[in-house]
Amino acid sequence: MSAFTTISSDKLARLIGTANSPALIDVRTEEDFAADRRLIPGSIKLSHDKVTDWGGDFAGRRAIVSCLRGEKLAQGTAAWLRQLGVEAEALEGGFEGWKAARLPLVEARKLPPRDARGRTVWVTRARPKVDRIACPWLIRRFVDPNAAFLFVAPSEVIGVGERFNAAPFDIENVFWSHRGELCTFDVMIEEFGIASPALLRLATLVRGADTARPDLAPEAPGLLAASLGLSRMYDDDLEQLEAGMLLYDAFYRWCRDATAETHNWPTNKVKA
């Protein structure tokens, strides 16, 4: 049973990908990280011995700390964070326990370089509709919660990526793009190694909405309609992205928790 200062892998797995997910902090040593460069989805890599320098950034928030086995580094870092006003817990069993449970792990080697503030930076075409909102949602919820997104003119995506060290996505002839019948959202799930039944179900909806394949899922036309509606509501792409985060939060939770639920309107009986 989890103590109040620890959390089990199965409980953490239910939080990851949701808007209520805590900050996830990986404090494995560089040697341990070099042996397996994957990350628990949404984790950021920080040094345990500098916790007093960066810990204040998480004040007033909830954080889960993992090390290799959930022992001294995670326990000590979490204790320091609590001293700094963070609601901090250590992950039971650490990275190895998570891996033993066969839970998803992000391929950190696939991540683009981080900027001076530790964020991955991505660039794509302005005026997003489906894939260019779905992919940022996926990145922020499962890969890098602090990721920055640049929306620019289509002709400038590659140039901006080179000048600002940003990873281009959802344009032709780049790594993060459509492949065959798969859309960019599908590709990111596969390349990052974060497939789950819920994300794969959501990917089918995104693919159907993004590639004019409403036959793939009955919900795909609804996702397309909502996406096009958002694009008309917002002139600012970043404001649209923030609104789209809520939209995809809802679709993800439906894919994960509510696909069996139905709504039956009560029949009004007419008396003869």
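Which residues form one aromatic cluster here? Hi everyone, let's start with that, and please keep in mind that this is a predicted model. The members are Trp 122, Phe 149, Phe 169, Phe 175, Trp 176 and Phe 192.

The structure holds 10 aromatic pairs. Take Trp 122 and Trp 176: their ring centres are 5.9 Å apart and their planes sit at 65°, and because planes over 60 degrees apart count as edge-to-face, that is the name this pair gets. Where are the two residues in the chain? Trp 122 is in strand β8, residues 121-125, while Trp 176 is in the loop between β10 and α8, so their contact ties together parts that are 54 residues apart in sequence.

Are these two buried or exposed? Trp 122 has 0% relative accessibility, so it counts as buried. Trp 176, at 5%, counts as buried too.

Trp 176 has another partner, Phe 192, and this pair is stacked, with 4.8 Å from centre to centre and 20° between the planes. Phe 192 belongs to helix α8, so this pair ties the helix to the loop holding Trp 176, parts that are 16 residues apart in sequence. Both Trp 176 and Phe 192 are buried.

The charged end of Arg 28 sits over the ring of Phe 95, 3.8 Å from the ring's centre. For Lys 45, the charged end sits over the ring of Phe 33, at 5.7 Å from its centre.

One last stop, the annotation. An unreviewed UniProt entry gives residues 18-107 as "domain: Rhodanese". That span is 32% helix and 23% strand, and its end C-alpha atoms lie 20 Å apart.

Notes:
Residues are numbered from 1 along each chain as its sequence is written. This is a predicted model: local features need pLDDT of at least 70, side-chain atom pairs count only at pLDDT 80 or more; totals for chains, interfaces and linings use all residues. Side-chain values use heavy atoms; hydrogens and water are left out. UniProt positions are given in the numbering used here, feature names are shortened, and annotations may be inferred rather than shown by experiment. Helices (H or I, at least four residues) and strands (E, at least two) are DSSP runs, numbered from the N terminus. Rings of Phe, Tyr and Trp (its six-membered ring) pair if their centres lie within 6.5 Å; planes under 30 degrees apart count as stacked, over 60 as edge-to-face and the rest as tilted. Buried means under 20% relative accessible area, exposed over 50%, partly exposed in between (1.4 Å probe, protein chains only). A charge sits over a ring if NZ of Lys or CZ of Arg is within 6 Å of the ring centre and within 35 degrees of the ring normal.
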